[in-house]
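User: Let us work through this model one question at a time. Please show the sequence and the structure before we start.

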Amino acid sequence: MAIDKAVEIFSGFQGVQGDLIPILQRIQETDGYISEEAIKNISRFLRISENEIYGVASFYSQFRFNEPGRHSVKVCLGTACHVAGGNILSDAVQRELGIDHGETTKDKRFDYERVACLGCCALAPVVKVGDDIHSRVNVHRLNEILEEYD
Ligand code: FES
């Protein structure tokens with residue numbers, strides 16, 4: 001996070017501990033993730049340790065710590081999708097992309113997350129890529145789906 005951007009993000013905050021979550025939310029919203037540099041800047045601004053900031057931020061699933069890829073792949077592991085083979089899809093995505101939950105491919109093409117119910121259980125198992133919901137996915141279709149995204 002460049003210094004002028006940090007100044008812009010911190011403007012409007014008083015520098016008290018209660019500002020931590022709103023600051024994290026603002027950074028997540030503008031950058032799409034919380035970088036190490038952002039954590040350092042917050043630490044200086046709020047005078048709390050980087051470890052403490054990581055501790056708080058990692059408690060909330062809304063914050064991510066890796067730069068997102070161009071396409072976010074979400075495999076649903078809610079009950080309906082789990083029963084319909086969500087775990088098999090999750091393993092297949094990790095194998096195919098070579099990354100784990102919460103990570104981004106080196107070429108920044110995809111990031112990957114396992115998520116709870118996406119709200120369309122009748123279509124299980126469900127995989128979401130960007131804003132697209134793919135229903136009744138199997139491993140064979142999964143590979144075809146991923147190829148659709150550059
Ligand atoms: S459990 Fe997967 S969409 Fe509801």
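User: Which elements do the buried residues of α6 pack against?
Analyst: This is a predicted model: local features need pLDDT of at least 70, side-chain atom pairs count only at pLDDT 80 or more, and totals for chains, interfaces and linings use all residues. Residues are numbered from 1 along each chain as its sequence is written. Helices (H or I, at least four residues) and strands (E, at least two) are DSSP runs, numbered from the N terminus, and two residues are in contact if their C-beta atoms, placed from the backbone, lie within 7 Å. The buried residues of α6 pack against β1 (71–76), α5 (79–83), β2 (110–115), β3 (127–129) and α7 (139–147).

User: Which residues of α6 are buried?
Analyst: A residue is buried if 20 or more other C-beta atoms lie within 10 Å of its own, exposed if 12 or fewer, and partly exposed in between, with C-beta atoms placed from the backbone. In α6 the exposed residues Asp91 and Arg95 are on the other side. The buried ones are Gly86, Leu89, Ser90, Ala92 and Val93.

User: Within what arc do the buried residues of α6 fall, seen down its axis?
Analyst: An α-helix has 3.6 residues a turn, so residues three or four places apart point the same way. In α6, Gly86, Leu89, Ser90, Ala92 and Val93 are buried. These buried residues line one face of the helix, because, by the directions from the helix axis to the C-beta atoms, they fall within an arc of 165°.

User: What distance separates the end C-alpha atoms of α6?
Analyst: The expected span of a helix is 1.5 Å times one less than its number of residues. Helix α6 covers residues 86–97, which is twelve residues, so it should span 16 Å. The computed distance agrees: the end C-alpha atoms of α6 are apart by 16 Å.

User: Which residue with a positive phi follows α6?
Analyst: The phi in question is near 70°. The residue that follows α6 with this positive value is Gly98.

User: Which strands stand at the edges of the sheet?
Analyst: Two strands pair if DSSP finds at least two bridges between them. Four strands form an open sheet with mixed pairing, in the order β2-β1-β3-β4. An edge strand has a single partner strand, so one side is left without a neighbour in the sheet; that is the case for β2 and β4 (132–134).

User: How many bridges join β1 to β2?
Analyst: The strands β1 and β2 run parallel. Within this pair, Cys76 stands opposite Val115, and Val73 stands opposite Tyr112. The number of bridges joining β1 to β2 is six.

User: What angle does the direction of α6 make with that of β1?
Analyst: Axes are lines fitted to C-alpha atoms, for helices over the stretch in contact, and angles run from 0 to 180 degrees between N-to-C directions. Cys76 stands opposite Val115 in β2. Helix α6 packs on the sheet and touches β1, β2 and β3, and its direction makes with that of β1 an angle of about 150°.

User: Which residue of β3 does Val73 stand opposite?
Analyst: Strands β1 and β3 are joined by three bridges and run antiparallel. In β3, the residue opposite Val73 is Val129.

User: Is Arg70 buried, partly exposed or exposed?
Analyst: Arg70 is found in the loop between α4 (50–57) and β1. Leaving aside residues up to four places away in sequence, Arg70 touches Lys108 and Arg109. Arg70 has 14 other C-beta atoms within 10 Å, so the class is partly exposed.

User: How far apart in space are Arg70 and Arg109, C-alpha to C-alpha?
Analyst: In sequence, Arg70 and Arg109 are 39 residues apart. In space, C-alpha to C-alpha, the distance is 5.0 Å.

User: How far apart do the C-alpha centres of domain 1 and domain 2 lie?
Analyst: Domain bounds come from an automatic or database domain assignment. That assignment gives domain 1 (3–57) and domain 2 (71–147). Their C-alpha centres lie apart by 30 Å.
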